[in-house]
Amino acid sequence: MERKERIFSGMRPTGKLHLGNYLGAPQNTVDLQDSYESIYTPVDIHALTTITSPEDTREIQPNIYEMVLDWLAADLDPERSIIFVLSHVPEVLTLHTLLSMVTPLGWLMRVPTFKEKVRQMSETEESVNYGLVGYPVLQTADIILYKASAVPVGEDQLPHLELAREIVRRFNNMFGDTFPEPQAKLTEAPLIVGLDGQQKMSKSLDNHIDLAATPAETNKRVLTAFTDPQRTHRSTPGRPHLCNVYSLHKLFNPGEVDTVYQECTTASRGCVDCKRHLAEGVNRYLEPLREKRREYENRPDYVKDVLTEGAQRAKAIALETIGEVQEKMGLALP
Ligand code: TRP
Ligand code: SF4
């Protein structure tokens with residue numbers, strides 16, 4: 001039987017997922033489990049590239065736990081797929097170091113995300129951690145240690161994937177064909193605008209709805225959503241095409257969309273009511289996932305067992321690759 005193509009999906013451990021990143025990553029990648037051999041990884045080492053205090057590191061473990069719970073609740077299947085934490089298979093660090101020998105510094109300094117991070121952290125290119133400069137080399141190592149050929153990512157990651165292919169080409173040229181060139185698999189996720197009605201849903205902007213929120217919390221948050229700014233009175237007709245609550249109805253309350261449109265434009269529905277209905281839709285949509293999540297939460301060792309087993313399976317692949325690389329780079333005993 002032909003071996004299935006492998007995908008590697010890495011996500012920074014930022015804790016509970018919200019609606020925006022759920023529709024972006026897990027929901028799309030869940031379907032990929034059938035056609036690919038899939039690996040899902042909270043990339044804890046990458047999280048260390050931007051730490052500024054010990055507090056940041058204290059959040060890593062709880063964040064991994066919450067994220068993996070959401071993944072499992074979203075139907076990532078630990079039988080079919082490998083789910084493991086990046087640092088639990090430290091061979092990635094060996095590969096990172098070896099790849100750093102074939103990666104010109106100039107390539108790394110030109111990566112747009114690098115310049116942006118330096119700015120965000122109020123650092124300079126001289127003062128910034130060595131680890132941050134090498135972030136894309138580590139990301140390349142994550143992927144190719146498992147010889148993954150496809151990587152589900154959003155558009156913001158395209159420069160990293162481009163660089164990964166350049167590193168692979170250089171390695172293969174120097175030492176012989178070893179790694180496949182990883183291709184970005186753009187997730188066709190709808191862009192979810194947050195409750196502020198302005199920007200992409202994100203935790204840092206606090207305009208999000210957690211997947212694991214209770215129905216009451218969801219309701220409360222949805223009620224804070226911004227609507228058509230010109231609809232200052234209940235009797236003023238609204239403009240649904242300018243209201244994010246309406247866009248969210250399309251996703252989470254599809255059966256009601258036409259009614260929302262009609263009643264909003266004729267002022268026969270108020271915004272508060274409209275938001276209540278939206279919250280109901282979101283809660284209905286998330287209930288099965290929340291139910292599953294609760295089941296896993298009640299099995300204290302479940303996540304740990306999944307990650308332990310995942311790391312064992314990942315390690316077997318990693319050792320094979322490292323052996324091959326050591327041989328090609330002249331590091332193996334004759
Ligand atoms: N850089 C990615 C991000 O910020 C996370 C990541 C790290 C990743 N390693 C990866 C994504 C490997 C895909 C494959 O979103
Ligand atoms: Fe938006 Fe609904 Fe209010 Fe219309 S009624 S402006 S769609 S919240």
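Of the 334 residues that make up the chain, 47% count as buried. The structure is a predicted model, and its chain contains 16 helices and five strands. Taken along the principal axes, the C-alpha atoms fill a box of roughly 85 × 45 × 40 Å. Among contacts with a separation of 6 or more, 77% are accounted for by residues 24 or more positions apart.

The accessible surface of the chain amounts to about 16900 Å², and carbon and sulfur atoms contribute 52% of this area.

Aromatic side chains were examined next. Eight aromatic pairs were counted in the model. One aromatic cluster is formed by Phe8, Phe84 and Tyr146. A ring is also involved in a contact with a charged group: the charged end of Arg299 sits over the ring of Tyr302, at 4.3 Å from the ring centre.

Positive phi values in residues other than glycine were found at Ser122, where phi is near 50°, and at Lys147, where phi is likewise near 50°. Ser122 is placed in the loop between helix H8 (112–120) and helix H9 (130–133). With a relative accessible area of 66%, Ser122 is classed as exposed, because the cut-off for that class is over 50%. Lys147 belongs to the loop that runs between helix H10 (135–144) and strand E4 (150–153). The relative accessible area of Lys147 is 23%, so this residue is partly exposed.

Technical notes: Residues are numbered from 1 along each chain as its sequence is written. Chains are lettered from A and ligands numbered from 1 in the order in which they are written. This is a predicted model: local features need pLDDT of at least 70, side-chain atom pairs count only at pLDDT 80 or more; totals for chains, interfaces and linings use all residues. Side-chain values use heavy atoms; hydrogens and water are left out. Rings of Phe, Tyr and Trp (its six-membered ring) pair if their centres lie within 6.5 Å; planes under 30 degrees apart count as stacked, over 60 as edge-to-face and the rest as tilted. A charge sits over a ring if NZ of Lys or CZ of Arg is within 6 Å of the ring centre and within 35 degrees of the ring normal. Helices (H or I, at least four residues) and strands (E, at least two) are DSSP runs, numbered from the N terminus. Buried means under 20% relative accessible area, exposed over 50%, partly exposed in between (1.4 Å probe, protein chains only). Contact means heavy atoms within 4.5 Å. Accessible areas come from the Shrake-Rupley method with a 1.4 Å probe; for residues, only the protein chains shown count as cover.
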